[in-house]
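Here are a few exercises to work through with the model open in your viewer. Try each one before reading its solution.

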Amino acid sequence: MDFLMVVWEFFQNNVLTKPQFFVGFIVFVGYLLLQKPLYEAVAGFIKAVVGYMILMVASGGLVGNFRPVLVGLKDRFDLSAAVIDPYFGQAAAQASVESVGRSFSMMMLVLLIAFSFNLLLVLFRRYTKIRTLFITGHVMVQQSSTALWLVLFCFPQLQDAGVVVMLGILLGTYWSVASNLTVEPCQKLTEGGGFATGHQQMFGIWFVSKIAGKIGDKKKSIESLKLPGFLSIFNENVVATGILMLFFFGAIITILGPDMMHKIDKSFAKEQNFVFYIVEKSFNFSVYLTILQLGVRMFVSELTESFQGISNKILPGSMPAVDCAATYGFGHPNAVTIGFLFGALGQFTAIIGLLVFQSPILIISGFVPLFFDNATFAVFANRLGGIKAAVIITYFSGMIQVLGGGFAAYFFMTGKFGGWHGNFDWDTIWPTIGVIMNYGQYVGVAAVVICLLAIPQILYRQNKDTYFLIAEDYDKYLEVKGEEA
Amino acid sequence: MLKVIAACGSGMGSSQIIKMKLEKVFKKLGIDASIYHTNVGDAKSQAANYDVVVCSESLIGTFTNASAKGITVIGLKNLLSEKEIEEKVTEQIVNKQ
C-alpha cells in the first residue's frame with residue numbers, strides 16, 4: 001500500500017500537476033493503446049512535452065510584453081485592458097489560474113473528461129440525439145483553459161477533482177450540443193459535405209442561419225463585388241496581428257507618453273526612438289503569437305494522432321465537428337474578406353463606444369475572433385441572405401464580440417492579465433453560463449447542463465424523419481425532402 | 001519520397017484535417033509521402049522545398065508564385081472529402097509522374 005502511495009505521490013508531483021508532462025503522458029499512453037511501436041510513443045511524448053513548453057514560453061512572453069502597457073493604463077487612467085483573442089485569453093486564463101495557486105494541468109484533465117463525455121453522448125445518440133464529435137484539438141485546449149478559470153472563479157473552494165469532473169461534463173455537453181446544432185446549416189451550405197462545425201461560434205452559426213434569410217436577399221450575393229487586392233495580406237496571421245497591434249498599441253502607448261513608458265518599462269532604452277519602441281512592442285505580439293502557435297501545433301498534432309484510433313472507431317455514422325475554416329471552400333472568397341472587414345468595423349465602433357461611455361475596461365481587437373468568427377458568419381449569411389445579410393450580421397457580431405468580451409474580461413477579471421477568449425460563443429453563451437454559475441452555484445451548473453441537453457431533443461422533435469438522415473445519408477435526405485415538398 | 005505541405009489560415013485546425021485525410025488517401029494509392037502542416041504564411045515561404053502544396057480552394061491565390069515555379073498546388077473545396085482528395089491527387093500527382 002505504501003509503495004502505491006509513493007508512486008502516486010511521485011506521479012502527482014511530477015506529472016499530474018505539470019501540464020507539459022501530463023500532455024506527454026497522455027500522448028504516450030494514447031500511442032501505446034493504438035499499438036504503435038515504443039519508439040513512436042517516445043517520439044510523440046517528446047514532441048508533446050516540448051510543444052507544450054514552447055507554448056509556456058510564448059504565453060509568458062505575451063503576458064509579459066503586455067504588462068507595461070497594462071500598468072500604464074492602470075496608473076494613468078485606472079483602466080484595465082484585454083485583447084479579445086483565444087490565444088491571449090488562454091495565456092490570461094493560465095496566469096489567472098496560477099495566480100490563485102492552482103495547477104494548470106487540470107486543463108488537460110478537463111479536456112479528456114469533456115472529450116470522453118462527448119464520445120459517450122455520441123455512442124448513445126439514439127437517446128441523446130447528439131450526432132457530432134468535436135475534434136478540433138487546439139480549440140479544445142483554448143476552451144478548456146478559459147472554462148477552467150471560470151469554474152475556479154465561481155467555486156474557489158472546490159477541490160481539484162470536483163472542478164475537473166464538473167467542468168468536464170459541462171464543457172463536454174457544450175461541445176456536443178453546440179456542434180450538433182450546426183449540422184443542418186453546414187450540410188445545407190456544403191450540400192452534404194459530411195461535417196459539422198466544432199469551433200468557437202457554433203451557437204452564432206445556428207443563430208445566423210435562422211435570421212440571415214429574413215434580413216437579406218440570397219439572390220444578391222457577394223460574387224459580383226470586386227475587392228481591392230491589398231486586402232489579401234490579412235490572410236496571414238502574422239501580418240494581420242502586426243498591423244492590428246501597431247494600430248492599437250500605437251494609439252495607447254502614444255497617449256501614455258514616452259516619459260511614463262520609460263518609467264514603467266525598463267526595456268525602453270533612453271536612446272531609443274519612441275516610434276521604434278512602439279513598433280517593436282507591437283511586433284513583439286506577433287512574435288509571441290507565432291511561437292505560441294508553433295507550440296500548440298506541435299502538441300495538438302500529437303494529441304490528435306494518438307486519439308485517432310479512438311475517434312475512428314466511434315466515428316462511423318456520426319459526424320466530425322471540425323474547424324470553421326472547413327466551410328470557407330463552400331462560400332465565395334469575398335465572403336471571408338467582407339466578414340473580416342465589417343466585423344472589424346463593428347468591433348472598432350464598439351471599442352470607441354466603450355471609451356466614450358467611460359468603461360473601466362479597454363478592449364483591443366484580436367485577430368482570431370475578428371477574422372474567423374466573422375468570416376464564418378459571412379459565408380453562411382451570404383448563402384442564405386446575400387450581401388446585405390453578410391454585412392449587417394458581421395457588423396453586429398463585431399460589436400457583440402467587444403461588448404460581451406469586455407463584460408467577461410471585467411467580470412471574470414482576466415483583464416488583469418490582459419486577455420479574454422473573445423470568440424463569439426465566448427462573448428455570449430459562456431459569460432451567461434459563468435454568471436449563472438457564479439450566482440446559482442451547483443444548481444446553476446445542473447440547470448445549464450440540463451437546458452443544453454434539452455436542445456438536441458427539441459431539434460429532433462422538429463424533424464423526426466430526417467434528423468439522423470441528414471447526417472448519415474444526405475442524398476437520401478434530399479429525396480425524402482423532395483417527396484415531402 | 002513526395003514532400004507535401006498542408007496549409008490553412010491558422011496552421012492548426014484545417015491543415016491538420018487535410019494532413020490526416022491526405023495520409024489516408026496516399027496510403028490507399030500507395031504513394032510514399034511526408035506531410036508537414038502549417039499556416040499559409042509559413043507555407044508560402046517554404047513552398048520551394050516541397051513538391052506539393054494542399055490547401056482550401058479559397059487560399060490558392062497565396063501560392064501563385066509556387067505554381068509558377070512548377071510546384072503542384074491542389075485546392076480543395078471540401079477538406080474532409082476523401083473522394084475529392086483522391087480525384088485531385090490522382091489527376092495532379094499520379095497521372096503526371
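This is a predicted model: local features need pLDDT of at least 70, side-chain atom pairs count only at pLDDT 80 or more; totals for chains, interfaces and linings use all residues.

**Exercise 1. What is the strand order in the open sheet of three strands in chain A, and which strands stand at the edges?**

Step 1: take the pairing of β2(A) with β4(A). These two run in the parallel sense over three bridges, and A:F134 sits opposite A:A321 in β4(A).

Step 2: take β3(A). Two bridges join β3(A) to β4 (residues 319-322) of chain A, again in parallel. Here A:T197 stands opposite A:V322.

Step 3: The order reads β2-β4-β3, with parallel pairing. β2 (132-134) and β3 (196-197) of chain A each have a single partner strand, so they are the edges, and one side of each lacks a neighbour in the sheet.

Step 4: α8 (residues 160-181) of chain A lies across β2, β3 and β4 of chain A, at about 125° to β2(A).

**Exercise 2. What does the radius of gyration of chain A say when set against a compact globule?**

Step 1: get the reference. For 485 residues, a compact globule would come out near 23 Å.

Step 2: compare. Chain A has 23 Å, which agrees.

Step 3: The C-alpha trace spans about 75 × 70 × 45 Å along its principal axes, and 53% of the residues of chain A count as buried. Among contacts with a separation of 6 or more, 82% come from residues 24 or more positions apart. In secondary structure, chain A comes to 18 helices and six strands.

**Exercise 3. Where are A:D78 and A:Q441 found, and are they buried or exposed?**

Step 1: recall the background. Most residues other than glycine have a negative phi.

Step 2: check A:D78. Its phi is near 55°, a positive value. A:D78 belongs to the loop between α3 (38-77) and β1 (80-84) of chain A. With 8 other C-beta atoms within 10 Å, A:D78 is exposed.

Step 3: check A:Q441. This residue isn't a glycine either, yet its phi is positive at about 45°. A:Q441 lies in helix α16 (residues 429-462) of chain A, and 13 other C-beta atoms within 10 Å make it partly exposed.

**Exercise 4. How many residues does each chain bring to the contact between chains A and B, and which element of chain B gives the most?**

Step 1: count both sides. Chain B brings 23 residues and chain A 28.

Step 2: sort chain B by element. α1 (13-29) and α2 (40-46) of chain B are the elements giving two or more residues. α1(B) gives the most, with four.

Step 3: sort by class. The chain B side has eight nonpolar, 13 polar and two charged residues.

Methods:
Residues are numbered from 1 along each chain as its sequence is written. Chains are lettered from A and ligands numbered from 1 in the order in which they are written. Two residues are in contact if their C-beta atoms, placed from the backbone, lie within 7 Å. Ala, Val, Leu, Ile, Met, Phe, Trp, Tyr, Cys and Pro count as nonpolar, Asp, Glu, Lys and Arg as charged, and the others, Gly among them, as polar. Two strands pair if DSSP finds at least two bridges between them. Axes are lines fitted to C-alpha atoms, for helices over the stretch in contact, and angles run from 0 to 180 degrees between N-to-C directions. The radius of gyration is taken over C-alpha atoms; the globule rule is 2.2 Å times the number of residues to the power 0.38. A residue is buried if 20 or more other C-beta atoms lie within 10 Å of its own, exposed if 12 or fewer, and partly exposed in between; C-beta atoms are placed from the backbone.
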